Amino acid sequence: MREALACAALAESESEVPVGAVVVAGGAIIGRGWNRPIASHDPTHHAEIAAIRDAAAGTGNYRLTDATLYVTLEPCIMCAGAILNARLQHVVFGARDPDRGAAGSVVNVLDSPFTTHRCDSTTGVLADECGALLTEFFVRKRSSLHADGTRC
């Protein structure tokens, strides 16, 4: 999770929402990613999808059946779908997302009876640190706005 937090810091350095992810297999990191939807002009460029793409390209296989994804924030519905399509074995995430979380907070796509693959998940790993990174980012963002919503 520390490596995922380092990826989240990269996102923050690019003024993106600080979410980071790594894919691990056989005790080694095989994929890294961080949020970049603004810089890439791509709404699908979430940390999880970037890390899955990196891992799949590196292994030459879109199925990551023996891998675990570590991500600083609970995956959204889109990312949960990508996790299932990649056939990841396990997801470990830090902070819960009470608004969009698709690993148990709002819905649990990862363990849905309506999918052909299911993925185990573990939550709360470095949750305070992961959550604080996000909270501090949004506090800074909000404090840089005028009352009318324009940037200072």
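**Exercise 1.** Decide whether Glu-74 is buried, partly exposed or exposed.

*Solution.* Start with the cut-offs: buried is under 20% relative accessible area, exposed is over 50%, and partly exposed sits in between (1.4 Å probe, protein chains only). Glu-74 has a relative accessible area of 2%, so it's buried. Bear in mind that this is a predicted model, where local features need pLDDT of at least 70, side-chain atom pairs count only at pLDDT 80 or more, and totals for chains, interfaces and linings use all residues. Residues are numbered from 1 along each chain as its sequence is written, and side-chain values use heavy atoms, with hydrogens and water left out.

**Exercise 2.** Find the polar partners of the Glu-74 side chain.

*Solution.* Look for N or O pairs within 3.5 Å; within protein, one atom must be able to donate a hydrogen and the other to accept it, and sequence-adjacent residues count only if both atoms are side-chain atoms. Step one: the side chain of Ser-105 makes a polar contact of 2.5 Å with that of Glu-74. Step two: a polar atom of the Glu-74 side chain is 3.2 Å from the backbone nitrogen of Gly-104.

**Exercise 3.** Classify the ring pair formed by Phe-137 and Phe-138.

*Solution.* Ring centres of Phe, Tyr and Trp (its six-membered ring) must lie within 6.5 Å; planes under 30 degrees apart are stacked, over 60 edge-to-face, the rest tilted. The structure holds one aromatic pair. Phe-137 and Phe-138 sit 5.1 Å centre to centre with 80° between the planes, making the pair edge-to-face. Finally, check accessibility: Phe-137 is buried at 5%, while Phe-138, at 30%, is partly exposed.
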